[in-house]
Amino acid sequence: MKNPVTKIWHSSLFNLLLVLIWALFIYCLMLTSLSTLPSVDVPSPYSHLLDKVIHTFVFGVLSYLLWRFFYQSLASRRSSSLFLSFFITASYAYLIEYWQSFTNTRTYSFWDLFFGLVGAVLALLVIKLTNKK
């Protein structure tokens, strides 16, 4: 018999909750907190790189969490979980960039979108290579 923590960790509802919490975190990080910070005129040589790493990481995690949810929820159609995870992550990454164009201090950035998609692809590639079920 599985212990209660393992049972919760593998439940579809719990995985959906993780997806929603992470998506809200991305929304707050990319639109709310960053768009209200005052701009700094002297950029660090690594600030551009850090921005791309953050986009890669947060959308990679979102893609992984979506995959976990779909993999558990669509037991009969698990092959669809990779595609659905990428499609939803890509759509959300695009929407975040699009929404940023309506803020006063942020703009749409193709490269932010690109690195968000890189994060999604990397996460799903690791899943594909490590999940042999």
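Helix 4 and helix 5 cross in a right-handed manner, a crossing being right-handed if the near helix is turned clockwise from the far one by less than a right angle, and left-handed if anticlockwise. The model is predicted, so that local features need pLDDT of at least 70 and side-chain atom pairs count only at pLDDT 80 or more, while totals for chains, interfaces and linings use all residues. Residues are numbered from 1 along each chain as its sequence is written, and side-chain values use heavy atoms, with hydrogens and water left out.

The chain has five helices and zero strands, where helices (H or I, at least four residues) and strands (E, at least two) are DSSP runs numbered from the N terminus. Two helix pairs are set out below, with axes as lines fitted to C-alpha atoms, for helices over the stretch in contact, and angles from 0 to 180 degrees between N-to-C directions.

| Helix pair | Axes come within | Crossing angle |
|---|---|---|
| Helix 4 (residues 80-100) and helix 5 (residues 110-130) | 9 Å | roughly 165° |
| Helix 3 (residues 47-73) and helix 5 | 7 Å | roughly 45° |

Angles under 35 degrees count as roughly parallel, over 145 as roughly antiparallel, 65 to 115 as roughly perpendicular and the rest as oblique. Helix 4 and helix 5 are therefore roughly antiparallel to each other. Their contact (heavy atoms within 4.5 Å) involves residues of helix 4 including Leu82, Phe86 and Tyr94, and residues of helix 5 including Leu113, Leu117 and Ile127. By class, this contact of helix 4 with helix 5 holds 11 nonpolar, two polar and three charged residues, with Ala, Val, Leu, Ile, Met, Phe, Trp, Tyr, Cys and Pro counted as nonpolar, Asp, Glu, Lys and Arg as charged, and the others, Gly among them, as polar.

Helix 3 and helix 5, by their angle, are therefore oblique to each other, and helix 3 passes helix 5 in a right-handed crossing. Among the residues that meet are Phe59, Tyr64 and Trp67 in helix 3 and Trp111, Phe115 and Ile127 in helix 5. The contact of helix 3 with helix 5 divides into 11 nonpolar, six polar and three charged residues.

Gln100 is found in helix 4 and, at 0% relative accessibility, counts as buried, which means under 20% relative accessible area, with exposed over 50% and partly exposed in between (1.4 Å probe, protein chains only). Gln100 and Met30 lie 70 residues apart in sequence and 7.8 Å apart in space, C-alpha to C-alpha. Leaving aside neighbours within four places in sequence, Gln100 is in contact with Met30, Leu31, Arg106 and Thr107.
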